Amino acid sequence: MRGRYKAGGAQAALLIVTMLRLPGLLLLLSLGSVCCPPGALSALPLASRRGPPGRAQPRPTALYQTRYFPQKIDHFGFEQDLTFQQRYLVADQHWRKDNGSILFYTGNEGDITWFCNNTGFMWDVAEELNAMLIFAEHRYYGESLPFGNKSYSDSKHLNYLTSEQALADFAILVQHLKETIPGALNAPVIAIGGSYGGMLAAWFRMKYPHVVVGALAASAPIWQFEDLVPCGTFYSIVTNDFKKSGQCCSESILNSWGAINRISSTDEGLKWLSSAFHLCSPLKSKQDAAVLKAWLIETWVNLAMVNYPYKADFLQPLPAWPIQVVCKFLKNPKLPDKLLLQNVFQAVNVYYNYSGAASCLNTSQSATRNLGLTGWYYQACTEMVMPMCTDGVNDMFEPRKWNFHVFSEECFKLWKVRPRPSWIPSVYGGKNISSHSNIIFSNGGLDPWSGGGVTRNITDSLIAIVIPEGAHHLDLRASNPGDPKSVLQARALEVQYMKQWIEKSRHKH
């Protein structure tokens, strides 16, 4: 994608990388997970019980079945009558026909097997809730491609990639499951999701309350649109995570941008930066230096989101509380430029090369191939428009205003479409959602996405749970001996509300 940024110059390149790559990519990369690499099915937590705090869970002997369901490509028009095969996964080891429930994962932007592997909370509580687990793949991701290998060929084929169409897929799929699985007709369904999937879970309950009795929306930034929250909130939270993790850490990062600008102003400086950061591809222009800075921004934000209290290898193999480890290299912001940037390299090396296996660092690197980044770029250029900005005062980044015009122009160059910044608040209600019910909004106090999330109760059934020591939806990760007390309490409360929804639904039938 980066090669298509050249027309706008270095400034436009950095802007579009920051606006598209960061808000979209980072929303994707941070889904709550089991402590295992993507695809490691044998490492799934046992779908039987949570067990006492501090005990690692045994492993499952059975996993899931893969199924497909024909969905209409267009649920809202009548001219287009084509269908595609939506993939979904079923785990029914603990399903009870007489009084069971269904936990329905609202798939994100990527391969659904990856999300299935990385949402340990659902597996941990399945037996307690007598639950069947369903993981539904989001259209245009994984194997659920409406037009096969032509799905991404142009904006005409991408026209049906919207949250509204995806929610309709989920609703039709649930109805199909209830009609075809013995004992499922009156089974209460609870939507569960994290990040974009959490947004979808909340919106699923809002738009289809007759289909799902409640929703757990973990780290769901449903208010990161228009002016519902200040555009600088996200990066301010990232900065605070670094401030709290080491003296002068955020100040060192703030000063690093000027150092990069000064050194990258010459060809010799670009060579030095390439060597100092052990880059796989050398920097050759100011535009390359701008991409380097965007890559560093991405690194700092990723660290804020995966700042977990125990070792994990979700995005990258990382130590416990990785920002504290990173900040050990960033104690002196007043060092000369080259010494400061050598320390910055040591810091990012913790993230990209903690195992010591990497011979060089790749500025186009992403954490997993299971995510559909191209699809999210399109969504960010249409309805998922999340304004973000920095000022260099309340955060540790260079000042950068939210410039919708530049953003729109870049989207038009990429896709021949124009973003609609007010569409999501118009469709889903913005902050005017008090008429809805039975939604849990959970957020981690360390998670930068919490700034666009619901962090206070709206009504007695629109509940906010804040986990002070939590990074990006820590509560959806599998139980771990290193879990802080706050996440154990959050999970227990979430299950308590789910049981109430299930019980109330049973009384209706």
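**View 1. Disulfides of the predicted model.** With bonded cysteines counted along the chain, their pattern reads 1-7, 2-4, 3-5, 6-8.

**View 2. The link of Cys231 and Cys389.** A disulfide connects Cys231 with Cys389, at an S to S distance of 1.9 Å. Cys231 is in the loop between strand S6 (214-218) and helix H7 (233-243), and Cys389 is in the loop between helix H13 (373-380) and helix H14 (404-415), so the bond ties together parts 158 residues apart in sequence. The link is right-handed, with 80° about the S-S bond. Cys231 is partly exposed at 25% relative accessibility, whereas Cys389 is buried at 13%.

**View 3. The link of Cys280 and Cys360.** The sulfur atoms of Cys280 and Cys360 are joined at 2.0 Å in a disulfide. Cys280 belongs to the loop between H9 and H10 and Cys360 to the loop between helix H12 (337-353) and H13, so parts 80 residues apart in sequence are tied together. This link is right-handed, with 95° about the S-S bond.

**View 4. The link of Cys381 and Cys411.** Cys381 and Cys411 form a disulfide with an S to S distance of 2.1 Å. At -80° about the S-S bond, the link is left-handed. Both Cys381 and Cys411 are buried.

**View 5. Surroundings of Phe277.** Phe277 is located in the loop between helix H9 (267-276) and helix H10 (286-305). Phe277 is buried, with a relative accessible area of 0%. Beyond its neighbours within four places in sequence, Phe277 contacts Leu296, Leu341, Val344, Phe345, Val348 and Leu361.

Notes. Residues numbered from 1 in each chain as written. Predicted model: local features only at pLDDT ≥ 70, side-chain atom pairs only at ≥ 80, totals over all residues. Heavy atoms only, no water. Helix = DSSP H or I, 4+ residues; strand = E, 2+ residues; numbered from the N terminus. Buried < 20%, exposed > 50% of the residue type's maximum accessible area, 1.4 Å probe, protein only. Contact = heavy atoms within 4.5 Å. Disulfide = S-S within 2.5 Å.
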